[in-house]
Amino acid sequence: MRVLEDELFPSTPGKVKVERAGTMSRHLHRCFASTGTMFLWALFLVAMTATYLSVHSFVDTSSRYFAASWGGLHWERQIRASASPRRPPGSAEGAGLSVLVTGAAGFVGTHCALALRRRGDGVVGIDNFNSYYDPSLKKARRALLGSHGVFVVEGDINDGRLLAKLFDVVPFTHVLHLAAQAGVRYAMENPASYVHSNIAGLVSLLEACKDADPQPAIVWASSSSVYGLNERVPFSEAHRTDQPASLYAATKKAGEEITHTYNHIYGLSVTGLRFFTVYGPWGRPDMAYFSFTRNILQGKPITVYRGRDHVDLARDFTYIDDIVRGCLASLDTAGRSTGTGGKKRGPAPYRIFNLGNTSPVTVPTLVSILERYLRVKARKNVVEMPGNGDVPYTHANISLAREQLGYKPTTSLEMGLKKFVRWYLSYYGYNRGTHTFRNS
Ligand SMILES: O=C(O)[C@H]1O[C@H](OP(=O)(O)OP(=O)(O)OC[C@H]2O[C@@H](n3ccc(=O)[nH]c3=O)[C@H](O)[C@@H]2O)[C@H](O)[C@@H](O)[C@@H]1O
């Protein structure tokens, strides 16, 4: 019987007791025994479920963590080290800034981050490495920054969690906001990218800045294109800017209004810089001087736009080193943001400056300078300027920047293009001997 019972019911402590009692109690005990078994099974299942859920959530969290490519103790240590100013105590320039540079792997961003680092400021970069132009150039710029101790986070300014984390880890004194969708004519091809970066991204960044404690002062890149259809020259900050000629210009103009709002409501210190066609080594491949150089060297034709009545287009081309000096002077004179905990405590500076060269040069002259340095004749297609957002000329009045920032551009287009061509040939591995590039 015991044997049979043992075979019919699995062995449990309760069951052993049941065999020694009467039938009724045996039955009852069997019931209890099976309830106990069920209880144990239920307990087992609960334990299994709990284990599954915790393992699942761990895997989920860690996969999100790895996918996000930011976060963790090591990452935070790198951020802190990069953000620490390294000026000698008591140095003439003061304590040293701690600057978050957005668009740090971009053209202007890389140059500014390096210049800040060189003078001993702390710098952390952020860049989304998008493919608007060759991302390998952006990666090469990041490597250059890395070799100078500047850490660049791969991330988007639309990622509020990442921005909040950065401000959590470092009390940045300044933000140099250069991340943007650039390019005047590309706005007709991909309008949404301008809204994403120049409007939504800007608001996301400003939200993080107004929440940060301490609030940083913000210096950011607006554009000469905000002058749009304005015909008064040279362009002054007092001129009207409500007639943009491209969506790009419209988003930059909107940025000036949006930053004004954050200055007004939250006490953020804001400086907007209207850059005039910045060029130089490590530049942007989408810009005319860069793509012309590439095509001329490859024997491909270039398209030169011409204005109405056969008038040449002209730009106030500004060399990168002059722009960098303007950016650093803007950071140094920015004045503090006044808010804390998202509340304004008093008025904060709101400034806008032109950063140009004050000497416009026509596009055909730009081409002839390149031809001279490259010693290759360009194959030119001259066409009427299409209605794609371009304006016929730009010319900066820089009195305000000179007065308040000590801004004084010193590089002519001749000198600047010479430096650009030298960089271009060495970066893309052109052999000077065979490529007839001359040093003078
Ligand atoms: O100053 C600015 O605010 C702007 O300067 C440049 O815009 P843009 O002046 O149009 O610079 P490029 O694209 O290098 O064009 C320079 C000149 O070359 C002309 N161009 C451009 C391309 C081309 O194939 N052919 C040509 O003749 C353009 O019409 C323009 O007159 C930048 O691309 C913008 O991001 C920046 O905001």
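Predicted model: local features only at pLDDT ≥ 70, side-chain atom pairs only at ≥ 80, totals over all residues.
H310 belongs to the loop between β8 (301–306) and β9 (314–315). A positive phi in a residue other than glycine is also found at R375, where the value is near 55°. R375 is placed in the loop between α12 (363–374) and β13 (379–384), and with a relative accessibility of 48% it counts as partly exposed, because the exposed class requires over 50%.

The bond from D213 to P214 is cis, with omega near 5°, and P214 is found in the loop between α8 and β5. The bond from V233 to P234 is likewise cis, with omega near -10°, and P234 has its place in the loop between β5 and α9 (247–266).

Strand β5 (residues 217–223) contains S222, a residue whose relative accessible area of 2% is the reason why it is classed as buried. The side chain of S222 makes a polar contact, at 2.7 Å, with the side chain of E256. When residues up to four places away in sequence are not counted, S222 touches K252, E256, L273, R274 and F275.

A search of the whole structure finds 1 cavity of 30 Å³ or more, and the space in the largest cavity amounts to about 40 Å³. Helix α8 (residues 191–211) provides the largest share of this lining, with 3 residues, while the division of the lining by class gives 4 nonpolar, 3 polar and 1 charged residues.

Helix α5 (residues 107–118) consists of 12 residues and reaches 17 Å from its first C-alpha to its last, which is close to the 16 Å expected at 1.5 Å a residue. The helix is mostly covered, with 11 of its 12 residues buried; these are F107, V108, G109, T110, H111, C112, A113, L114, A115, L116 and R117. Following α5 is G120, the phi of which is positive, near 100°.

Terms used: Residues numbered from 1 in each chain as written. Heavy atoms only, no water. Helix = DSSP H or I, 4+ residues; strand = E, 2+ residues; numbered from the N terminus. Expected span 1.5 Å × (residues − 1). Buried < 20%, exposed > 50% of the residue type's maximum accessible area, 1.4 Å probe, protein only. Polar contact = N/O pair within 3.5 Å; in protein donor to acceptor, adjacent residues only side chain to side chain. Contact = heavy atoms within 4.5 Å. 1 Å grid on protein atoms, 1.4 Å probe; cavity = no way out; pocket = protein on both sides within 12 Å on 5 of 7 lines; lining within 4 Å. Points joined across faces, edges and corners; volume = space filled by probe spheres on them. Nonpolar A, V, L, I, M, F, W, Y, C, P; charged D, E, K, R; others polar.
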